[in-house]
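These are my notebook entries on one structure, set down in the order in which I looked things up. The sequence and the model come before the entries.

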Amino acid sequence: MAERVQSEIRKKLIDAFTRNETEYLSGQHLADIAGCTRTAVWKHIEELRKEGFEFEAVRRKGYKIISIPDNMSADKITLGLNTEFLGRNLHYHDSVESTQKNAYKLAYDNAEEGTVVIAEEQTAGRGRMDRKWHSPKYTGIWMSLILRPKIPIPKAPQLTLITAVGVVQAIEEVTGLLPEIKWPNDILINGKKITGILTELQAESDRINSIIIGIGINVNTGIEDFPEDIRTIASSLAIESEKIIDREKLIRTILEKLEKLYLLYLEKGFFPIKLMWESYAISIGKQITARTLTGEIKGKATGITEDGVLLIEDLAGEIHNIYSADIQI
Ligand code: BTN
């Protein structure tokens with residue numbers, strides 16, 4: 001259960017090795033980068049060695065990183081992470097009730113934008129509409145991100161769609177699979193759910209304090225790891241690709257894609273994201289049924305609005321705005 005928040009020095013050292021993987025870095029250079037003494041650098045490197053990192057040390061040249069340990073860890077995730085802020089403050093846990101809960105608390109305690117909580121297992125993972133999210137140990141990516149965009153509250157659902165685009169792009173790049181999005185936030189491969197996204201708000205009157213984005217991905221989950229009742233509708237990247245997927249690499253790629261999309265969104269607005277989202281969406285242009293809290297609407301999904309609301313044209317030609325629903329295609 002031990003939480004490990006990386007110390008600033010350790011983080012700077014890992015960052016330096018990451019960005020210069022093929023080079024030797026001198027003790028003095030590392031000390032300057034990390035803002036500490038050469039002795040402190042040496043101590044940190046020794047600690048990393050005990051955790052399974054391998055370094056080559058050459059007199060007068062310095063240290064070069066050779067290899068990183070096998071199990072997932074905050075350090076290994078950060079190693080090679082090419083982002084400005086997303087994932088730079090990373091909280092890694094062996095087991096938590098829900099990463100949403102930890103992220104919510106961190107956000108409340110003023111954690112910086114881009115803070116990420118990752119767990120190997122969730123004992124009370126939550127899905128949309130108060131459903132349970134099954135999160136068995138070492139098989140998936142269960143993570144929550146804290147963002148603090150200065151946008152009006154009604155625009156918050158856009159962040160779910162941005163996240164879906166980022167996750168699809170990352171899965172595509174890392175696995176070669178071709179995921180599709182089912183509005184608003186399910187990512188499917190061959191018609192089966194691989195990923196769910198849960199976006200929650202901390203807001204004061206009309207101002208967003210933070211948005212907590214929860215991402216759950218079935219990565220190396222075997223069919224027997226799923227509860228029986230969802231085996232026909234859920235799948236994992238390993239099942240679909242018939243390969244074990246490097247979870248850390250996938251996490252890094254998601255954070256990198258997502259940061260780029262988020263910055264694009266802050267600069268240019270939702271329109272470019274909307275186009276990308278629509279290109280991955282399976283429901284658009286199809287006959288669908290939307291089950292809302294107030295009943296069923298059948299018709300053709302014609303697209304999404306600027307606010308991420310789904311538009312359905314029924315048989316009578318009337319357009320319905322769908323804010324929250326389960327979709328059947
Ligand atoms: C859905 O219902 O499709 C959304 C599922 C979201 C699951 C993720 S896993 C990480 C984060 N922590 C949680 O408890 N839920 C989200």
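**Entry 1: Overall build**

I counted nine helices and 15 strands in the protein chain; helices (H or I, at least four residues) and strands (E, at least two) are DSSP runs, numbered from the N terminus. The radius of gyration of the protein chain is 21 Å, close to the 20 Å of the globule rule for 329 residues, so the chain is as compact as a globular protein of that length. The radius is taken over C-alpha atoms, and the rule is 2.2 Å times the number of residues to the power 0.38.

I noted that the model is predicted: local features need pLDDT of at least 70, side-chain atom pairs count only at pLDDT 80 or more, and totals for chains, interfaces and linings use all residues. Residues are numbered from 1 along each chain as its sequence is written.

Along the principal axes, the C-alpha trace of the protein chain spans about 80 × 45 × 30 Å. I found that 40% of the 329 residues count as buried. For burial I used C-beta atoms placed from the backbone: a residue with 20 or more others within 10 Å of its own is buried, one with 12 or fewer is exposed, and one in between is partly exposed. Among contacts in the protein chain with a separation of 6 or more, 61% join residues 24 or more positions apart; a contact requires C-beta atoms, placed from the backbone, within 7 Å.

**Entry 2: Domains**

I recorded domain 1 (4–67), domain 2 (74–280) and domain 3 (287–328), with bounds from an automatic or database domain assignment. The centres of domain 1 and domain 2, taken over C-alpha atoms, are 30 Å apart.

**Entry 3: Nonpolar cores**

Which residues have the most contacts inside the largest nonpolar core? I found I118, M143, A164 and W277, in a core of 64 residues. A nonpolar core here is a set of buried Ala, Val, Leu, Ile, Met, Phe, Trp, Tyr and Cys residues joined through C-beta atoms within 7 Å. Helix α6 (residues 157–175) gives the largest share of this core, 10 residues. The core lies between domain 2 (74–280) and domain 3 (287–328), because both give residues to it.

Another core lies apart from this one; it has 11 residues, including F17, L25, V41 and Y63.

I then followed A164. Beyond its neighbours within four places in sequence, A164 is in contact with I181, N185, I187, I197 and W277.

**Entry 4: Surroundings of the ligand**

Which of the 21 residues around the ligand come nearest? They are S98, G127, G196, G214 and G216; a residue is near if its C-beta atom, placed from the backbone, lies within 6 Å of the molecule. The elements that give two or more residues to this shell are α5 (99–108), β6 (140–147), β9 (192–204) and β10 (207–218). By class, I list six nonpolar, 11 polar and four charged residues in the shell. Ala, Val, Leu, Ile, Met, Phe, Trp, Tyr, Cys and Pro count as nonpolar, Asp, Glu, Lys and Arg as charged, and the others, Gly among them, as polar.

**Entry 5: Backbone details**

I found a cis peptide bond between W183 and P184, with omega about -5 degrees. P184 is in the loop between β7 (180–182) and β8 (186–189).

N110, a residue other than glycine, has a positive phi near 70 degrees. N110 is in the loop between α5 and β5 (116–119) and is exposed, with 10 other C-beta atoms within 10 Å. M129, also not a glycine, has a positive phi near 50 degrees. M129 is in the loop between β5 and β6 and is exposed, with 10 other C-beta atoms within 10 Å.

**Entry 6: Single residues**

Is F226 buried or exposed? F226 counts as buried, with 20 C-beta neighbours inside 10 Å, and lies in the loop between β10 and α7 (237–241). Not counting residues up to four places away in sequence, F226 touches H134, T221, R231 and A234.

I33 is in helix α2 (residues 27–34) and is partly exposed, with 16 other C-beta atoms within 10 Å. Leaving aside neighbours within four places in sequence, I33 is in contact with K12 and A16.

I329 follows β15 (326–328) and is partly exposed, with 13 other C-beta atoms within 10 Å. Residues up to four places away aside, I329 touches I282, S283, K286 and I288. From I329 to E23 I noted 53 Å, C-alpha to C-alpha, for residues 306 apart in sequence.

How values were computed:
Contact = placed C-beta atoms within 7 Å.
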